[in-house]
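Let's take a friendly walk through this model together. Please keep the sequence and the 3D view at hand as you read.

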Amino acid sequence: MPDSNNFKLDLKLVVCSRCNNAFMVQRKTLDDTKELVCDNCIRLEKRKRELQISVMENVLKVENEMEASIVKMKNELSTNNSKFNKQFFLENIKKRAKALSKSVELLEKIEDSKDEKYIKEYIELFEEMKKDSST
Ligand SMILES: [Zn+2]
């Protein structure tokens, strides 16, 4: 017969498999097939997923803009415009390609670590890319 103290007595101290911090769970929710993950890590995972979606959107946007740049460059070349700054376009494309590979690097770091500083770095990088591509 369960009594009112049962709820408290049923708590068990477990260790989060991601961050190794100890936390309490209700014994009846314990499931051997499930990984033990604390609330902090669950929140972090959720943020990562949201970030990945926005990153994918940004990557697609930057890719489209790079493509548009290349089309523009081709057009400029075919009109033989002497004022056309080929170097500028090339530098622009190089810069974006570099930012894209940096973003992949950061994404891997975010995956591998529990550190939110990479998420912050990532957001800054993409804010910068967005700024660049709109000029
Ligand atoms: Zn954790």
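## Starting at V25

Leaving aside residues up to four places away in sequence, V25 is in contact with D10, L11, K12, V14 and L30. V25 itself belongs to strand β2. Is V25 buried or exposed? Its relative accessible area is 14%, under the 20% cut-off, so V25 counts as buried. Along the chain, V25 and V15 are 10 residues apart, and their C-alpha atoms are separated by 9.9 Å.

## The overall layout

Before going further, please bear in mind that this is a predicted model. The protein has 4 helices and 2 strands. Read from the N terminus, these elements follow the order α-β-β-α-α-α.

How much of the protein is buried? Of its 135 residues, 26% are buried. As for contacts with a separation of 6 or more, 40% of them join residues 24 or more positions apart.

## The loop between the strands

Between β1 (11-15) and β2 (22-26) there is a loop, and N20 is found in it. N20 is worth a look for its backbone: phi is near 65°, which is a positive value in a residue other than glycine. The relative accessibility of N20 is 58%, over the 50% cut-off, and therefore N20 counts as exposed.

## Two helices side by side

Now turn to α2 and α3. These helices pack at an angle of about 165°, and their axes are 11 Å apart. Because that angle is over 145 degrees, α2 is roughly antiparallel to α3. The crossing in which α2 passes α3 is left-handed.

Which residues make this contact? On the α2 side they include K48, L51, Q52, V59, V62 and E65, and also M66, S69, I70, K72, M73 and L77. From α3 come K86, F89, L90, I93 and R96, together with A97, L100, L107, I110 and E111.

## The nonpolar cores

The largest nonpolar core holds 17 residues, and the members that touch the most others are L51, V55, L100, I110, Y122, F126 and M129. Which helices supply at least two residues each to this core? They are α2 (39-78), α3 (86-112) and α4 (117-133). Another core lies apart from this one; it has 7 residues, including V14, C16, V25 and V37.

F126 lies in helix α4. With a relative accessible area of 3%, F126 is buried. Residues up to four places away in sequence aside, F126 touches V55, N58, V59 and S103. F126 and L100 are 26 residues apart in sequence, while their C-alpha atoms are 9.2 Å apart in space.

What does M129 touch, once residues up to four places away in sequence are set aside? Its contacts are V62, R96, A99 and L100. Among these, V62 of α2 and R96 and L100 of α3 also take part in the contact between those two helices.

Terms used. Residues numbered from 1 in each chain as written. Predicted model: local features only at pLDDT ≥ 70, side-chain atom pairs only at ≥ 80, totals over all residues. Heavy atoms only, no water. Core = buried A, V, L, I, M, F, W, Y, C linked by side-chain atoms within 4.5 Å. Buried < 20%, exposed > 50% of the residue type's maximum accessible area, 1.4 Å probe, protein only. Contact = heavy atoms within 4.5 Å. Axes fitted to C-alpha atoms, helices over the stretch in contact; angles between N-to-C directions. Parallel < 35°, antiparallel > 145°, perpendicular 65-115°, else oblique. Left-handed = near helix turned anticlockwise from the far one by under 90°.
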